[in-house]
Amino acid sequence: MNEVKDELLSNDIRQLGRLLGDAIRSHLGDVAFERIENVRQLAIRFRRDHDAQAGRQLNDSLQELSQQETTQLIRAFSYFSLLANIAEDQHHNRRTRAHLIAGSKPRQGSLTKAVGSVFAAEQSAALPAFFDDAFISPVFTAHPTEVQRKSILNCQMAIARLLNERDRYQMTPDEAAHNEEALSRGIVTLWQTRLLRTTKLSVMDEVENGLSFFDHTILTELPQLYATLETMLAQRDERWSDVELPNFMKVGSWIGGDRDGNPFVTAAVLRSTLRRQADKALDFYLGELHKLASQLSLAQSLSACSEALRQLAERSADQSPHRQDEPYRRAIYGIHARLEATRAVLAGGAARQPATPYATAAQLLAELDVVSHSLVENGLRTLARGRLRQLRRAVKVFGFSLAPLDLRQNSDVHERVVGELFASVRPGLDYSALTEPQRVDLLLAELSSPRLLVSPYLAYSEETVGELDIFRAVKEAHGKYGPESVPNCIISKADSVSDLLEVALLLKEVGLLSQKDGTLDVNIIPLFETIEDLRNGPAIMAAAFGLPLYRRLLESRGTQQEVMLGYSDSNKDGGFLTSGWELYKAEIDLVTAFRQHGVKLRLFHGRGGSVGRGGGPSYEAILAQPAGAVQGQIRLTEQGEVITAKYANPEVGRRNLEVLVAATIEASLLQPQQEAPRAAYLVAMDEMSAEALRSYRSLVYETDGFEQYFWESTVIAEIAALNIGSRPASRKKSTSIEDLRAIPWVLSWAQCRLMLPGWYGFGSAVQAYLAAHPGDGAALLREMYVDWPFFTSLLSNMDMVLAKSDIGIAGKYAALVKDEVLRDAIFTRIRAEHQRTLDALKLITGQEELQQANPLLQRSIRHRFPYIDPLNHLQVELLRRFRDGHQEDKVRTGIHLSINGIAAGLRNSG
């Protein structure tokens with residue numbers, strides 16, 4: 001049966017591949033086409049049929065290529081991968097629709113399943129309180145793993161729309177022919193579009209890239225999700241009829257506000273970002289109002305209206321004689337004119353008609369409500385629940401700022417700025433030399449004082465001026481766009497109470513904290529990143545809650561504290577298993593500490609795209625949280641190429657938003673009834689984590705020459721030079737692993753197909769555990785896999801990583817290391833641990849092959865990897881040439897193209 005279902009996917013891939021082949025033949029000629037096609041066929045035979053002879057022929061043919069032929073091949077296989085991704089996404093949409101049409105049993109991760117489970121468990125009475133307090137927010141971040149150009153994304157979207165049309169509609173022969181012609185044009189355009197950027201991205205380029213996903217998906221699909229959920233609840237219980245849910249879900253952003261290690265995020269950039277976000281939201285509303293006016297052509301002689309609607313129409317400047325008896329259109333015309341005037345104020349430009357701008361989004365919503373209420377009161381509820389309903393929800397969710405923008409900065413920067421401010425008023429004071437208790441006392445005293453430290457008559461360092469300017473820009477934004485525009489200030493590398501108080505002091509200096517009233521205008525959020533910080537985080541928060549001044553500030557924010565957990569750096573610091581376990585334990589301890597102090601906890605999960613940075617399926621990840629860690633509130637980052645994979649396609653995007661809501665509902669309302677994990681599980685994890693940490697750090701931080709091995713056996717040096725992000729790859733100008741950002745660290749291991757951050761240490765940990773518990777150790781681990789969602793999710797993610805790894809290809813990268821002794825010593829250890837990990841995984845899960853329980857990923861690998869493998873072979877050859885001195889532009893371009901193609905094919909590599 002699965003073969004029949006997958007035949008449609010295979011047909012799509014074959015058709016897209018054929019059309020790409022036609023474009024290649026037309027552009028490059030028959031000889032080039034035949035060369036590329038021969039490599040493609042050999043790669044398929046080698047990957048799918050395990051044909052050793054095909055593998056040897058593939059290797060020989062790739063080594064014989066000229067530089068021009070190599071570049072042509074890399075481009076071809078990169079585009080093959082992109083088209084396979086499009087076909088996969090379309091097939092997912094196709095299968096989802098087929099299940100819905102057939103009335104199949106609700107699927108895991110769907111709203112239907114989650115809501116049905118709540119009603120079945122007789123927990124529906126808890127739903128109103130859940131939605132009143134819930135907050136779910138995926139947050140887009142601009143980390144340098146998104147290697148795809150926006151122009152390429154636009155081409156992909158055009159092709160996806162044509163495939164979707166073919167699925168949705170029964171076409172005549174002429175229509176089918178036109179569709180194929182359009183597909184061909186779309187693929188020719190894709191082939192002729194540059195994969196690489198010619199210049200490095202600016203922050204505002206990243207802002208525009210992020211905004212494109214609001215165009216494609218968020219602005220339309222998020223309001224539709226609310227409507228779907230409201231309808232679903234009303235169908236199950238009539239008491240939900242006409243109930244409009246609170247705004248429990250928003251999509252946030254770091255793009256334009258994340259200054260940690262990015263000197264290009266300035267106050268001017270922050271202001272420009274907010275202006276562009278406002279323009280995007282208001283432009284969408286204006287377009288929707290225009291469409292709404294064309295639909296509500298209700299004549300006064302045929303349809304009554306409320307007095308409030310009549311007055312709204314009378315205030316409109318619409319004097320057209322053709323609409324004098326159409327009050328709804330006249331009212332909407334007036335709203336449109338006011339909104340245009342608002343855009344002129346908030347985003348620039350000129351309004352076509354003189355009108356009073358809205359001061360707040362609430363004023364716009366109030367006038368839209370007048371239109372809606374009039375329709376309902378006069379028996380036209382159906383009209384009120386169409387485009388107008390969607391627009392009203394959009395205004396509620398997006399306001400005038402589109403997306404809440406977070407600030408983030410490293411605690412070391414805050415420390416230096418505060419130290420300089422203190423030194424300016426107390427000469428001789430060395431803040432950096434103070435102990436933690438001394439710092440806390442000094443900060444509390446200053447926060448209790450009405451005076452300000454900053455003087456307009458003193459000169460400060462560039463760093464201090466820049467930080468103060470950023471906070472002043474936030475103060476301006478609150479007045480211009482509303483306090484929801486920049487609601488959070490995140491502290492990277494937080495490891496003390498003084499880190500929280502330093503930010504509070506800076507907020508006081510610009511008027512975002514009132515000493516007199518004890519009020520705070522933004523949330524102060526610590527980010528605990530390293531293994532040590534995760535272990536200390538709960539005690540740090542408990543100490544902060546014990547300070548009356550900090551507690552008073554929290555009360556002004558609803559006695560709620562958000563804590564961010566860093567998956568990326570904890571993984572780089574301690575390895576896959578220990579990072580996952582320390583994050584889990586930190587959550588348990590945070591839940592306990594917050595409960596003891598009567599503070600509501602919201603966790604913000606700093607997950608990356610790859611498993612090595614906390615990635616993996618969101619549904620399973622949320623359900624794997626310890627009891628009490630969700631409580632209806634969760635934020636999580638969406639990073640790198642995962643944003644494209646999840647939100648470029650509207651249907652896929654809606655499904656991913658739905659998964660977050662469904663999982664949060666289930667984790668909050670159903671899981672509290674589940675038992676806590678057995679004590680034996682916790683003991684076993686402690687034992688394995690200790691051994692995994694020892695194994696990982698022994699390799700990465702304690703092996704002489706490992707740093708050299710890493711830089712020579714991966715594309716890290718080339719990634720640092722690629723125009724894929726506005727931030728540098730390292731925090732400092734060094735090659736040390738400690739200074740390297742987690743993102744390029746993980747991306748580099750993914751490119752060479754080793755995926756080391758996603759599994760290393762697990763095999764040794766299990767081996768040691770079984771040796772210490774020869775009798776019942778294996779049985780307990782199998783029980784943990786079956787009965788404990790945390791352990792199940794951990795192994796499922798590792799299974800996915802191992803399925804995408806290839807130790808044979810990784811060996812070719814290892815051969816790039818010039819020191820043969822170093823190369824053999826380290827790669828032998830890595831290969832042995834890889835095998836131990838595979839054996840351990842199969843022993844615990846009982847599966848005979850990787851991803852045995854995930855046929856969808858198996859299918860994906862079968863379709864995509866024959867196109868990725870040749871890119872790896874070519875990348876190795878180009879790296880060898882480049883490092884041997886052939887550093888001409890064509891070689892460098894080929895390497896960068898291969899990085900792009902492999903990342904696109906793996907999809908969640910960074």
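Leaving aside residues up to four places away in sequence, Ser485 is in contact (heavy atoms within 4.5 Å) with Leu274, Ser401, Ala403, Pro404, Leu405, Ala477 and His478. The model is predicted, and local features need pLDDT of at least 70, side-chain atom pairs count only at pLDDT 80 or more, and totals for chains, interfaces and linings use all residues. Residues are numbered from 1 along each chain as its sequence is written, and side-chain values use heavy atoms, with hydrogens and water left out.

Ser485 lies in the loop between helix 18 (462–480) and strand 4 (488–492), where helices (H or I, at least four residues) and strands (E, at least two) are DSSP runs numbered from the N terminus. With a relative accessible area of 0%, Ser485 is buried, a term that denotes under 20% relative accessible area (1.4 Å probe, protein chains only). The side chain of Ser485 reaches the backbone oxygen of Gly482 at 2.7 Å.

Trp254 occupies the loop between strand 2 (252–253) and helix 10 (267–295), and Trp254 also counts as buried, at 2% relative accessibility. The side chains of Trp254 and Asp406 are joined by a polar contact of 3.0 Å; such a contact is a pair of N or O atoms within 3.5 Å, of which, within protein, one must be able to donate a hydrogen and the other to accept it, and residues adjacent in sequence count only if both atoms are side-chain atoms.

For helix 23 (residues 576–597), the 22 residues should span 32 Å at 1.5 Å a residue, which agrees with the 32 Å between its end C-alpha atoms; the expected span is 1.5 Å times one less than the number of residues. Just after helix 23, Gly598 adopts a positive phi of about 70 degrees.

Notes
Buried means under 20% relative accessible area, exposed over 50%, partly exposed in between (1.4 Å probe, protein chains only).
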